[in-house]
Amino acid sequence: MTINHAQRRARLAALLPAHEVDALLVTSTVNVHYLTGLVSSNAAVLIRADGSARLVTDNRYIEKTRGLDVEAAEAADVAGELAAPGVGIEAAHMSVATYQRLGPGLVPLGPLVEGLRAVKDDDELELLRTACAITDQAFADVLHTIGPGVTERDVARLLEARMIELGAAKPAFDTIVAAGENGAIPHHAPTDRELRSGELVTVDFGAAYQGYHADMTRTVCLGPPAGWQRDLYDLVAAAQRAGRHALAPGATAQEVDSAARSLIADAGHGEHFRHGLGHGVGLQIHEEPFLGPSRTGRLEDRVPITVEPGVYLPGRGGVRIEDTLVTRQGEPELFTKTTKELLVL
């Protein structure tokens, strides 16, 4: 799979005149990866308004730059150019100390590269489909092990191992397994607590495949659900459907969030849904755009994004249902295919 990094840099360069800068110094290593193909812990790329570029790094990575379609040098060789007046910087990714050292002529700018990254090309979408397919298959393969007597950590370890066996490079993030009352904690870290009959178990996980991250959450019940458990699950499932159906190019982040949140609030659980409805996925597990009541901006076509409402009842448990989808003209495309019917194990 050949990615056209030069085309990505040209798209970024075309944005610079509107921000009245001659170049942009990209220092986020994820953004450097997106624009050049270099994966490192220390690199920057200077993108000029005329479309040319200079990749800079230290001697640990200079050999990795050979074969890339961009001019490369060690940082010491281009220090003056990086600090020239009229150069924009990624304000969210540069420390105050570095900014002061480089000089007062630098122009702080917003997340330009992140905006480009939000809309995926065909190659990126195919990598995400594969990451999500691995995630689905791992869950199907491990589902029979989820039951009374196993621990939260056991389930997490089995899922992560199975994803790697299926071709994932690693888990996309630290797997969440939350049983019983722990389900009321949205980002609970798995413990040695054993699963018990009669409780809900929330599992939030995903595979990372060739740099792209999947994200899926399912909540299961160990044995026949109590009335309150079924009611809670049905409410979250309805909110998740509403959120998915609201995904469309042109919809605002607030509108999509409200489509799901209003159902939960109307059912008297507004205070128990304590996070945004979703987030973009790609080279990072959390990236632009974000869906929430205070988020701004409109969705575009071909944006992978999660929809993950949850209701969390302190001391009792919770339910979260999450899919990774892609905005399309018409219906969004669903990447995580595991059933959203309540699984009774």
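Me: Ala 23 has Val 87 in β5 as its bridge partner. This is a predicted model. What makes β1 and β5 a pair?

Reply: The bridge count. Pairing needs at least two bridges between the strands. Strand β1 (residues 23-26) is joined to β5 by three bridges. The two therefore count as paired, and they run parallel.

Me: How do you know that β5 and β6 pair?

Reply: By the rule of at least two bridges. Three bridges join β5 to β6 (residues 107-109), again in parallel. One of the contacts to name is Gly 88, whose bridge partner in β6 is Val 107.

Me: Why is the link from β5 to β6 called a right-handed crossover?

Reply: The chain leaves β5, passes through helix α4 (residues 96-102) and reaches β6.

Me: What makes both faces of β5 covered?

Reply: Buried residues on each side. Val 87 and Ile 89 are on one side, Gly 88 and Glu 90 on the other, and all are buried. Each therefore has under 20% relative accessible area. Side chains in a regular strand alternate between the two faces of the sheet.

Me: Why are β8 and β20 called edge strands?

Reply: The open sheet has the order β8-β9-β12-β20, with mixed pairing. β8 (176-179) and β20 (343-344) each have a single partner strand, so one side of each lacks a neighbour in the sheet. β8 is joined to β9 (residues 200-205) by four antiparallel bridges. Among the bridge partners in β9, Asp 204 faces Ile 176.

Me: What lies across this sheet?

Reply: Helix α6 (residues 122-142) lies across β9, β12 (216-221) and β20. Its angle to β12 is about 20 degrees.

Me: How do you know that Arg 261 sits over a ring?

Reply: Its charged end is 4.0 Å from the centre of the Phe 273 ring. The limit is 6 Å, and the charge must also be within 35 degrees of the ring normal. Arg 261 is over the ring, so both conditions hold. Arg 316 lies over the face of Trp 228, at 4.2 Å from the ring centre.

Notes. Residues numbered from 1 in each chain as written. Predicted model: local features only at pLDDT ≥ 70, side-chain atom pairs only at ≥ 80, totals over all residues. Heavy atoms only, no water. Contact = heavy atoms within 4.5 Å. Axes fitted to C-alpha atoms, helices over the stretch in contact; angles between N-to-C directions. Buried < 20%, exposed > 50% of the residue type's maximum accessible area, 1.4 Å probe, protein only. Right-handed = clockwise from strand over helix to strand, strands pointing away.
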